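Subject: Structure handover

Dear colleague,

Please find the structure below. My notes on it follow.

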Amino acid sequence: MQRKFEIDDGFIADQNKALEKWIHEDYEHLGKALLRRQIDIEDLVAKAQSFRVAIPSWGLGTGGTRFARFPGAGEPRDVYEKLEDCATLNRLVRSTPGVSLHIPWDQPEDVNELLSFARHRDLFFEAMNSNTFQDQPAQQHSYKFGSLAHSDPAVRLQAIDHNLECIELGQKLGSKAHTVWIGDGGNFPGQQHFRKTLENYLESMRTIYQALPNDWRIFIEHKFYEPAFYSTVINDWGTSYYCARELGPKAACLVDLGHHAPNVNIEMIVGRLIQFGKLGGFHFNDSKYGDDDLDAGSIKPFQLFLIFNELVDAEQSNVPGFDPAYMLDQSHNVTDPIESLSMSAIEVTRAYIQAQLVDRVALAELQDNCDALLALSTVKQAFITDVSPILAVARQRSGGALDPIATYRASGYRAAKAEERPTKIEATVGIV
Ligand code: AOS
Ligand code: ZN
Ligand code: ZN
């Protein structure tokens, strides 16, 4: 077999040498500043080192829009090449060993081969994802008018079976969760009966839930529009919460940051789901208008921080059953996916570490005393603290890069992959 190009640990260590002095100087300075706030910087490094966010297999390729897709040279052509890129990403940032697969896009011919391919690269499999929003070749029934919520029981059955196959495959791969996002909905008023379609969905999900192993969780991902433009069956967190409750303890809600109406207070939804014991996980990304699937923290970093403020608060107060799955869900149209995913992994970790800086004892007192201004500034103080040296040192101590993007570019990885992976001509456009 042809030897594939890899970024090795030695190369990363060499690249780190040039930056080490300055970063460690900044780290020392930050350590002193944090000590004045009774915060031990070493604790934060340990937290950053243990933070994990899973990579969506579909995020490794160039996404595209409804209008066009501009394939990037050297992009992965199959699940193995996606895993190669995931391994590279994880080598650089050391916080992304989990991969979330999408079936049938990533359907392996040989499950054991895929498993050992991943293990050899220190990767493992996070939540499985089903796909009943697209028709596949040779599929008996079309999902044009829905899947799990379709009016025709035969279509529903086909969609149920597909989800069961995903769970079965996931069990072989060591996954412990299944995410269900459906495209079901209507484009026009009157097209769908709201109550009937939700009842159909629930009936289908009950069958899937019954097949779920006891140590698994099923995540319900809501979305308020697209591909249906008038109504969606699982449109918001309220509907998602209702369904998760109806199904049982293994079902929980997944929050994709791009799946809410503009200006919705997402951190508050997160707080509510924590309180109700139904926060299953996240698809982190960012957006300006809709489900833009932009890099995490690129548009609204304060929102990302406020979400983590809720998560860290729950973590520190030991909320029973609190164990959300963190995943990215992005689509890259104009950037190299490995670079964008590195940035996002770093930004999500940044928000997590910044949220650790909130003085929660002081905040609780300010809240009790109705001191709105100082409560805000307590939260803001954490957000404006530049924790970059903590993130860099954490990566370095785990064997990763002080500057992942510079190291990646210096390695020539993408150019090497362009040689190894001659592009397939693809006419497809768009990814959701
Ligand atoms: C769709 O908008 C959702 O975000 C899903 O998570 C979807 O499965 C994923 O984006 C892959 O297409
Ligand atoms: Zn998503
Ligand atoms: Zn989405």
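Helices (H or I, at least four residues) and strands (E, at least two) are DSSP runs, numbered from the N terminus. The model is predicted, so local features were taken only at pLDDT of at least 70 and side-chain atom pairs only at pLDDT 80 or more, while totals for chains, interfaces and linings use all residues. Residues are numbered from 1 along each chain as its sequence is written, chains are lettered from A and ligands numbered from 1 in the order in which they are written, and side-chain values use heavy atoms, with hydrogens and water left out.

Helix H1

Glycine 10 lies in helix H1, which spans residues 9-35. With a relative accessible area of 40%, glycine 10 is partly exposed; buried means under 20%, exposed over 50%, and partly exposed in between (1.4 Å probe, protein chains only). Between glycine 10 and leucine 92 there are 82 residues in sequence and 12 Å in space, C-alpha to C-alpha.

Zinc site

The zinc ion (ligand 3) has His259 (NE2) and Asp291 (OD) as its protein donors, 2.1 Å away. Donors here are N, O and S atoms within 2.8 Å of the metal (3.2 Å for Na, K and Ca); water is not among the atoms, so sites may look incomplete. The arrangement of the four donor atoms around this ion is irregular because they subtend angles of 76 to 161°. For reference, four donors count as tetrahedral if all angles lie between 85 and 135 degrees; four count as square planar and six as octahedral if opposite donors are over 155 degrees apart and all others between 65 and 115; anything else is irregular. The zinc ion (ligand 2) is 3.8 Å from the zinc ion (ligand 3).

Histidine 259 sits in the loop between strand E9 (251-256) and helix H8 (266-275), and aspartate 291 in the loop between strand E10 (279-284) and helix H9 (301-316), so the pair ties together parts that are 32 residues apart in sequence. Histidine 259 is buried at 3% relative accessibility, and aspartate 291 is buried at 13%.

In E10, six of six residues are buried, so the strand is mostly covered. E9 and E10 are parallel and share four bridges; two strands pair if DSSP finds at least two bridges between them. Valine 255 stands opposite phenylalanine 282 in E10. From E9 the chain passes through H8 to E10 in a right-handed β-α-β crossover. Right-handed means that, with the strands pointing away from the viewer, the path from the first strand over the helix to the second runs clockwise.

E10 also runs parallel to E11, with four bridges joining them. Here histidine 283 stands opposite methionine 327 in E11. The β-α-β crossover from E10 through H9 to E11 is right-handed.

Backbone points to check on screen

The peptide bond from isoleucine 103 to proline 104 is cis, with omega near 15°. Proline 104 lies in the loop between strand E2 (98-100) and helix H4 (111-120).

A cis peptide bond also leads from glutamate 226 to proline 227, with omega near 5°. Proline 227 is in the loop between strand E7 (217-221) and strand E8 (231-232). Glutamate 226 lies in the loop between E7 and E8 and has a positive phi, near 80°, though not a glycine.

Asparagine 318, another non-glycine residue, has a positive phi of about 50°. Its place is the loop between H9 and strand E11 (325-328), and at 63% relative accessibility asparagine 318 is exposed.

Regards
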